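Thanks for coming. I have one structure to show, so let me put it on the screen.

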Amino acid sequence: EKANGFSNNNVGVYLSAHASDIFIKDNEFKGLGLGVYSKGDNIYIDNNFFYDMGLCAIRIENASYNFIKNNKIDKIYGGMNTVLNAPYDQKSFADGVYIYVSTNVVVFNNEISRCKRIGIVVEGDGKILNEKILIMHNIIKKVTSSIGGEFNAGVWVEGGRVKYNSVIIAD
């Protein structure tokens, strides 16, 4: 599928490590490398629409108490620099929600479709572990066409990157 609309590698909203108590609600993100990139605490990402994205719609990294709910995510293409700029076999990522070494993250009631890799990812560096991640009541469909050695999955939790019994995936 051609990356219609993904036109730059910018970030819609970037929240630094010192950002806190922020609500991102009722927005539309289109054609960006990342929609929301949060390293902050007490961040609420609610009822937004993300489509025609590059790397992922929402990335949570080294953060705590981030709440991702009621969002619609559609068409995540992969880590291209611009439309058709990167060769197909060099694209990477292409995830709906990507959580990296974070704690107390809730991913609730989102609709995620047409990601070229994974709907919801929980990964880390193996030193700092993810902890208390709740993934619940999400609809994930049409995660297909991953590239190279990448896997497709609705939800992917990386082994050795999560504190024991701290990710709950529920219906």
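I will go from the overall numbers to one strand, then to the cores and the aromatic rings.

This is a predicted model, in which local features need pLDDT of at least 70, side-chain atom pairs count only at pLDDT 80 or more, and totals for chains, interfaces and linings use all residues. Residues are numbered from 1 along each chain as its sequence is written, and side-chain values use heavy atoms, with hydrogens and water left out.

Overall numbers. The protein has 17 strands and zero helices; both are DSSP runs numbered from the N terminus, strands being E with at least two residues and helices H or I with at least four. The protein has 171 residues, and 45% of them count as buried. Buried is under 20% relative accessible area, exposed is over 50%, and partly exposed lies in between, with a 1.4 Å probe and protein chains only. A contact is heavy atoms within 4.5 Å. Taking contacts between residues at least 6 apart in sequence, 57% join residues at least 24 apart.

Now strand S7, residues 56–61, where we find Arg59. Is Arg59 buried or exposed? Arg59 counts as buried, because its relative accessibility is 16%. Its side chain makes a polar contact with the side chain of Glu61 at 2.9 Å. A polar contact here is a pair of N or O atoms within 3.5 Å; within protein, one must be able to donate a hydrogen and the other to accept it, and residues adjacent in sequence count only if both atoms are side-chain atoms. Arg59 also lies over the face of Tyr100, 5.6 Å from the ring centre. For that label, NZ of Lys or CZ of Arg must be within 6 Å of the ring centre and within 35 degrees of the ring normal.

Ile60 is in strand S7 too, and at 0% relative accessibility it counts as buried. Beyond four places in sequence, its contacts include Ile45, Ile68, Ile99 and Val105. Ile60 and Thr103 are 43 residues apart in sequence, with their C-alpha atoms 9.8 Å apart.

Next, the cores. A nonpolar core is a set of buried Ala, Val, Leu, Ile, Met, Phe, Trp, Tyr and Cys residues joined through side-chain atoms within 4.5 Å. The largest has 29 residues, and Ile45, Phe50, Ile58 and Val97 have the most contacts inside it. S7 gives the most to this core, with three residues. A second, separate core has nine residues, among them Tyr37, Tyr98, Tyr100 and Ile118.

Last, the rings. There are six aromatic pairs. Rings of Phe, Tyr and Trp (its six-membered ring) pair if their centres lie within 6.5 Å; planes under 30 degrees apart are stacked, over 60 edge-to-face, and the rest tilted. Phe23 and Tyr44 are stacked, at 4.6 Å centre to centre and 10° between the planes. Phe23 is in S2 (residues 20–25) and Tyr44 in S5 (residues 41–46), so this pair ties together parts 21 residues apart in sequence. Phe23 is exposed at 61%, and Tyr44 is partly exposed at 27%. Tyr98 and Tyr100 are also a stacked pair, because their centres are 6.4 Å apart and their planes at 10°. Both of these tyrosines are buried.
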